[in-house]
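Notebook open, structure loaded. I'm jotting down what I looked up, in the order I looked.

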Amino acid sequence: MLRQVAAVPGAIGYADAEAAGAHPGLKLASLDGAAASRGSARNGYPFWTVEYAYTYGRPVPGGPLQSFLEHLSGDATARLVGEAGYEPCVLFDRSLDPLCVSDR
């Protein structure tokens with residue numbers, strides 16, 4: 001996607017700020033005076049996203065899907081997400097990060 005956006009004059013795309021910033025021929029957009037970067041949502045950058053996991057129905061207790069969802073919200077995953085420079089939604093005290101709670 002980044003290659004295609006760079007190849008089309010005036011094109012706009014959406015990608016991870018670090019990947020887009022390292023791609024030749026692309027310029028990151030500043031919004032409301034805030035530059036796009038890792039962690040920029042904490043510094044006022046108004047455009048970011050939360051990754052959601054959807055299921056068809058409730059997972060079977062003790063089943064592989066429930067185990068995977070628990071893994072996604074566990075401390076090890078939060079640590080890996082943080083080490084990669086992203087913001088985990090489930091904090092170590094099991095609360096939700098305010099950036100991940102929609103007020104709409």
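This is a predicted model: local features need pLDDT of at least 70, side-chain atom pairs count only at pLDDT 80 or more; totals for chains, interfaces and linings use all residues.

I started with Ala 19, which sits in helix α2. Helices here are DSSP runs of H or I with at least four residues, strands are E runs of at least two, and numbering goes from the N terminus. Ala 19 has a relative accessible area of 36%, so I put it down as partly exposed; buried means under 20%, exposed over 50% and partly exposed in between, with a 1.4 Å probe and protein chains only. I also took a distance: Ala 19 and Leu 2 are 17 residues apart along the chain, and their C-alpha atoms are separated by 8.5 Å.

Residues are numbered from 1 along each chain as its sequence is written, and side-chain values use heavy atoms, with hydrogens and water left out.

Next, the loop between α2 and α3. Ala 29 lies there and counts as partly exposed at 43% relative accessibility.

Is Asp 32 buried or exposed? Its relative accessible area is 74%, so Asp 32 is exposed. Most residues other than glycine have a negative phi. Asp 32 and Gly 44 are 12 residues apart in sequence, and I get 8.3 Å from C-alpha to C-alpha.

Then I looked for aromatic pairs. How many does a search of the whole structure find? It finds one. The partners are Tyr 52 and Tyr 54, tilted, at 6.2 Å centre to centre with 40° between the planes. For the record, rings of Phe, Tyr and Trp (its six-membered ring) pair if their centres lie within 6.5 Å; planes under 30 degrees apart count as stacked, over 60 as edge-to-face and the rest as tilted. Tyr 52 counts as exposed at 54% relative accessibility, and Tyr 54 counts as exposed at 71%.

Leu 65, Phe 68 and Leu 72 make a nonpolar patch of about 260 Å². Patch residues have over 30% relative accessible area and no salt bridge, with nonpolar side chains (Val, Leu, Ile, Met, Phe, Trp, Tyr) joined within 5 Å and like charges within 9 Å. A salt bridge is a side-chain nitrogen of Lys or Arg within 4 Å of a carboxyl oxygen of Asp or Glu. Areas are Shrake-Rupley with a 1.4 Å probe. Leu 72 lies in helix α3 (residues 64-72) and is partly exposed at 37% relative accessibility.

Pocket check: the largest pocket has a volume of about 1,500 Å³. Of its 46 lining residues, the closest to the centre are Tyr 14, Trp 48, Thr 49, Val 50 and Glu 51. Elements giving two or more residues to the lining are α1 (2-7), α2, α3 and α4 (75-83). The largest share, three residues, comes from α4. A pocket is an open set of points on a 1 Å grid over the protein atoms alone, where a 1.4 Å probe fits, with protein on both sides within 12 Å along at least five of seven lines; lining residues have an atom within 4 Å of a point.

Last entry: Asp 93, in the segment after α4, counts as exposed at 57% relative accessibility. Asp 93 and Asp 75 are 18 residues apart in sequence and 9.2 Å apart in space, C-alpha to C-alpha.

Note on methods:
Grid points are joined across faces, edges and corners, and a volume is the space filled by probe spheres set on the points.
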